[in-house]
Every structure is written in C-alpha cells, then in structure tokens.
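Dear colleague,

Please find below the structure that I am handing over to you.

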Amino acid sequence: MNESEKYMSKHFTQEMEGMKSTLRQMIELVDQQVAAAVEALQTGNVELCRVIKERDKQTDAYENLIQVQCENIFALFQPVAVDLRVIITSLKISTQLERCGDIAVNIANRTRKTIDHHDLVLASQVVEMAKQAHNMLQQAIAAFTNLDDALARHVLTLDDEVDGLNKSIFKQLVETMKADPERIEACAHLIVLCKQLERLADHATNIAEDVIFLKQARIVAHQK
C-alpha cells in the first residue's frame, strides 16, 4: 500500500468513525426522549413534556448531520460490501430514530391533553404499552450496537404483544366512552396515543430488521 492509499484508508476510517459517533449520540438522545415521554405519561409531569418538545430539534439536527456524513463517504470513497451495508443501515436507522423522537413529542402532547383525566391513563394499560414499546426500542438499539442478530430476531417476536395491548386498550376505552360521555375527549386522545405507541414498536421492529440486514446481508422486512 503506497502513501496515497494509506492516506485514503486513514481518511475513510476517520469519516466512518465520525458518522458512527454522531449516530451513537442520536441513539442516546432519542432513548432519553422516549424514556422521558413514558415517565411523563405515567406521572403526569407537564414540565417534562415541555423539555421533550424543546429537545426535538436536536434529534432532527442529528439526522441531517448523519445524512451529510454518509453522502460525503459515498462521494469520496465509493464503499462496498460490509462498509456499504454499514452506511445504508446507519442512514435507515437514523430515519427510524428521528421518527421515534417525533413520537416522544406526540406522547408528551397527548399527556398534556389528558392531564385532567390522569386516573383514566393509570386505570388503562396505556403506560404498560408505552413501557413495552420503549423496551422494544432499547433492545433493538442494543442489537445494533452489539451487532447481535439473535437479539434483533427476538425484538421481532415482541411486536405482537404490543399489537395485542393496543387492541385490548381500544376496546376498554370504547366501553369507557359509552359509559361516561364526559370521558369521550380524553379517551379519544388515548386511542391516538396508543396508535403512536404501536408505531414506536414498529420503528423498533424496523431497526431490528436493519440489524439482520447488516449482519447477514439478508432482507427480512415484509416477509409476512
């Protein structure tokens, strides 16, 4: 390897590490945002909701930065094989994370709108569903961080549990609306919130599928 090739190899490694570092920071922030949203939902902490909304712009900035970093690597080095999969996967996961950040904001917004009916939140299984969806996200992130395709496949099996909770809560909230019309607005907000939680679980599933693609070079999405 001549000096020029050594320089390019070193430069490529630096660019890849820079992109991975940005992605790690984004992962940490999004996990904090979702954790805070679940806590706000459980405790009714309106101040925490405000903080979540304020930090959302930082999540968007991370996604934009990762896109620029990956574009630069494509343009300068034309990566192939494993390196190419790493970049593709990082781009896809950053998009999934940005959407998870948006969902954290949506959870916070619904928490504020149902604050006068917090007893209804606690009486339903909404908090449990939120915790399960967050757990899926954390396990998907761990699978990516550790390149653990077995853990990624485990995440895929958890999605049905969240879907089942969503259906159960929907039925419960409909019955509540029939029995107490004054609760209709609060129940409607919670139904929308559950849909957001279902989407959070779906994004965790997508990340897990991306990990399997990265590790095995196999596409497992949409197999159903």
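Of the 224 residues of the chain, 46% count as buried, where buried means under 20% relative accessible area, exposed means over 50%, and partly exposed lies in between, with a 1.4 Å probe and protein chains only. The model is a predicted one, in which local features need pLDDT of at least 70 and side-chain atom pairs count only at pLDDT 80 or more, while totals for chains, interfaces and linings use all residues. Residues are numbered from 1 along each chain as its sequence is written, and side-chain values use heavy atoms, with hydrogens and water left out.

**Overall architecture**

The chain contains 7 helices and 0 strands, and its pattern along the sequence reads α-α-α-α-α-α-α. Helices (H or I, at least four residues) and strands (E, at least two) are DSSP runs numbered from the N terminus. The C-alpha trace spans about 80 × 35 × 20 Å along its principal axes. Among the contacts in the chain with a separation of 6 or more, 82% come from residues 24 or more positions apart; contact means heavy atoms within 4.5 Å.

**Helix packing**

Two packed helices are described by the angle between their axes and the distance between the axes. Here the axes are lines fitted to C-alpha atoms, for helices over the stretch in contact, and angles run from 0 to 180 degrees between N-to-C directions.

The axes of helix H1 (residues 3-43) and helix H3 (residues 81-113) come within 9 Å and cross at roughly 20°. H1 is therefore roughly parallel to H3, since angles under 35 degrees count as roughly parallel, over 145 as roughly antiparallel, 65 to 115 as roughly perpendicular and the rest as oblique. The crossing of H1 and H3 is left-handed, a term used if the near helix is turned anticlockwise from the far one by less than a right angle, with right-handed used if clockwise. The contact of H1 with H3 comprises 18 nonpolar, 5 polar and 3 charged residues. In this classification Ala, Val, Leu, Ile, Met, Phe, Trp, Tyr, Cys and Pro are nonpolar, Asp, Glu, Lys and Arg are charged, and the others, Gly among them, are polar.

H1 also packs with H2, at an angle of about 160° and with the axes 9 Å apart. This makes H1 roughly antiparallel to H2. H1 passes H2 in a left-handed crossing, and their contact has 22 nonpolar, 9 polar and 5 charged residues.

A further pair is H5 and helix H6 (residues 149-179), which pack at about 165° with their axes 10 Å apart. H5 is thus roughly antiparallel to H6. The crossing of H5 and H6 is left-handed. The residues of H5 that meet H6 include Val126, Met129 and Ala133, and those on the H6 side include Leu151, Val155 and Leu158. By class, the contact of H5 with H6 has 14 nonpolar, 5 polar and 3 charged residues.

**Individual residues**

Histidine 134 lies in helix H5 (residues 126-145) and is buried, with a relative accessible area of 9%. Its side chain makes a polar contact with the side chain of aspartate 31 (2.8 Å). A polar contact is a pair of N or O atoms within 3.5 Å; within protein, one must be able to donate a hydrogen and the other to accept it, and residues adjacent in sequence count only if both atoms are side-chain atoms. Leaving aside neighbours within four places in sequence, histidine 134 is in contact with Asp31, Val34, Ala35, Val38 and Leu200.

Methionine 16, in helix H1, is buried at 4% relative accessibility. Beyond residues up to four places away in sequence, methionine 16 touches Ile73, Asp83, Val86 and Ile87. The C-alpha atoms of methionine 16 and glutamine 69 are separated by 8.3 Å, although these residues are 53 apart along the chain.

Histidine 118 is in helix H4 (residues 118-123) and is buried, with a relative accessible area of 17%.

Most residues other than glycine have a negative phi. Glutamine 78, in the loop between helix H2 (46-77) and H3, has a positive phi of about 45° and is exposed at 63% relative accessibility. Alanine 81, in helix H3, has a positive phi near 55° and is exposed, with a relative accessible area of 52%.

Yours sincerely
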